[in-house]
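Please read the following report alongside the sequence and the coordinates.

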Amino acid sequence: MASFGKSIVPEADLKSFTEYLVGCKRIVALLGAGISAASGLPTFRGAGGLWRAHDATSLATQEAFDESPGLVWQFYSYRRHMALQADPNKAHHALAELARRNADFITLSQNVDGLSQRANHPAKQLHLLHGTLFTVKCTNFYCNYSEENYTDPIVPALEIPKKSSGLNPSATDKTGEEASKALAEALSGTTNEVDISDVSNPIFIVDKKDLPQCPECKDGLLRPGVVWFGEALPERTLKVVDKWIAAGPIDLCLVIGTSARIWPAAGYVHEARSQGARVAVCNMDPKDTPGELHYGDWFFQGDAGVIIPEILKSVIGEI
């Protein structure tokens, strides 16, 4: 067994994979929330993923935005803030390096957090299936305005509130030591952010007029540029990916941090197999696989941020 931090990989699997990888030309990677979890980001994945008292998936709809745009923007502003506080991990950097070394490698990401982009993954080889938190676009039907926006908070009304600490006099300590400690704690406490994902912490109701407004039409609200439930995936992206897949044999399909059981992810794994690809999965849960693994496939259990740089080391070097 090869031990990589908390992740253990059978030596035979590591050896057979690295030997195969050296001869690979056309490679596709499919990324899910698990790769970002290695950077400390909450996944909000699937039913039961809660933000405050809300199923996170219930906030990811046009209907929710129409009904409560302030609440939906608070959810996405929180996610933008958390994503900007996180750093790309070694898996993001390893995949970016593989892309720089291999022009026939593409990454299909289901993530919206911008971590692959911030790892300097070549843009032409990175395809965002679900959009990104850092694109905003106008909701006015007659307006096509969109922009990249990394401002945090995007408007002042969406700033994460700060904790404040009061000064409570001591009934016993007269030396000033406790008072000094209380003052230091109070001053440091003013910089601590309230966890607004916790329903026990109240949040302000944000008025519609204080939400991001379209600077072009002056009439529509801006919304996060992510694909909400009930919306179509980006057609241009799908066409580019389909063209790449149809172009010829595929040697390897990497499935990282996702079970790849939901369309289009499941379809891409199937199509890669039909083009001759062997599949390598990296997930924490051994049950998270895109259906049954075939003979000659690999499953690497553990932290993607640890395992991916190690299994790719033979072609990208040390990260």
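## The open sheet

In this predicted model, six strands form an open sheet with parallel pairing, in the order E7-E6-E3-E11-E12-E13, where strands are DSSP runs of E with at least two residues, helices are runs of H or I with at least four, and both are numbered from the N terminus. Two strands count as paired if DSSP finds at least two bridges between them. The edges are formed by strand E7 (126-128) and strand E13 (298-301), each of which pairs on one side only. Neighbouring strands of this sheet are turned against each other by 15° on average, direction ignored, with axes taken as lines fitted to C-alpha atoms, for helices over the stretch in contact, and angles running from 0 to 180 degrees between N-to-C directions.

Strand E12 (residues 278-283) runs parallel to E13 and is joined to it by four bridges; Asn 283 has Gln 301 in E13 as its bridge partner. Helix H1 (residues 11-22) lies across strand E3 (27-31), strand E11 (252-256), E12 and E13, and runs at about 120° to E13.

## Helix H6

Helix H6 (residues 90-101) has 12 residues and spans 16 Å from its first C-alpha to its last, close to the 16 Å expected at 1.5 Å a residue, the expected span being 1.5 Å times one less than the number of residues. At its N-terminal end H6 is capped by Asn 89, with a side-chain oxygen 2.8 Å from the backbone nitrogen of Ala 91.

The buried residues of H6 include Ala 91, His 92, Leu 95 and Glu 97, where buried means under 20% relative accessible area (1.4 Å probe, protein chains only). Across the protein, buried residues make up 47% of the 319 residues.

## Confidence and basis

The protein averages a pLDDT of 88, and 87% of the residues score at least 70; pLDDT is the predictor's confidence in each residue, from 0 to 100. Confidence is highest in H6, at 98, and lowest in helix H8 (residues 177-189), at a mean of 47. Over residues 182-190 the pLDDT is below 50, and this stretch has 10 contacts in the model beyond near neighbours in sequence, a contact meaning heavy atoms within 4.5 Å. Where pLDDT is low, the predicted coordinates should not be read in detail.

Residues are numbered from 1 along each chain as its sequence is written, and side-chain values use heavy atoms, leaving out hydrogens and water. Local features need pLDDT of at least 70 and side-chain atom pairs count only at pLDDT 80 or more, whereas totals for chains, interfaces and linings use all residues.

Conventions: Buried < 20%, exposed > 50% of the residue type's maximum accessible area, 1.4 Å probe, protein only. Polar contact = N/O pair within 3.5 Å; in protein donor to acceptor, adjacent residues only side chain to side chain.
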